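Please examine the structure shown here before reading the questions and answers.

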Amino acid sequence: MAKEIIHRLEQLSKDLDQKKIQDVGYKAFVKNTPIDTGNARRNTTKDGDDGIHANYRYANRLETGWSKQAKEGMVAPTIKEVQKYI
């Protein structure tokens with residue numbers, strides 16, 4: 001039993017690597033970014049330890065429900081995806 005617990009904890013430690021969590025968050029953020037012309041998705045970047053960047057003027061508008069495609073914005077669904085992963 002103790003060996004199983006230790007093995008599971010070691011696996012969790014590997015799975016919860018910061019880079020993997022960031023990858024999950026980035027994919028979720030992009031997936032939840034509305035698409036019209038593709039500009040917002042194209043200009044969402046992942047930058048090492050700095051996180052995810054929405055590099056377009058209207059990012060705040062999209063986050064506050066401006067688009068019918070993302071009524072919750074992008075951050076809340078991304079947080080849910082990361083929590084689900086963890």
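The questions below concern aromatic rings and helix packing.

The model is predicted: local features need pLDDT of at least 70, side-chain atom pairs count only at pLDDT 80 or more, and totals for chains, interfaces and linings use all residues. Residues are numbered from 1 along each chain as its sequence is written, and side-chain values use heavy atoms, with hydrogens and water left out.

Q: Is the pair of Tyr-56 and Tyr-58 stacked, edge-to-face or tilted?
A: Rings of Phe, Tyr and Trp (its six-membered ring) pair if their centres lie within 6.5 Å; planes under 30 degrees apart count as stacked, over 60 as edge-to-face and the rest as tilted. The structure holds 2 aromatic pairs. In the pair of Tyr-56 and Tyr-58 the centres are 5.0 Å apart and the planes stand at 45 degrees, so the pair is tilted.

Q: Is Trp-66 buried or exposed?
A: Buried means under 20% relative accessible area, exposed over 50%, and partly exposed in between (1.4 Å probe, protein chains only). Trp-66 has a relative accessibility of 51%, so Trp-66 counts as exposed.

Q: Which residue has its charged end over the ring of Trp-66?
A: A charge sits over a ring if NZ of Lys or CZ of Arg is within 6 Å of the ring centre and within 35 degrees of the ring normal. At 4.0 Å from the ring centre of Trp-66, the charged end belongs to Arg-61.

Q: How many nonpolar residues has the contact of helix 2 with helix 5?
A: Contact means heavy atoms within 4.5 Å. Residues meeting there include Ile-21 in helix 2 and Val-82 in helix 5. Ala, Val, Leu, Ile, Met, Phe, Trp, Tyr, Cys and Pro count as nonpolar. By class, the contact of helix 2 with helix 5 has nonpolar residues numbering 7.

Note on methods
Helix = DSSP H or I, 4+ residues; strand = E, 2+ residues; numbered from the N terminus.
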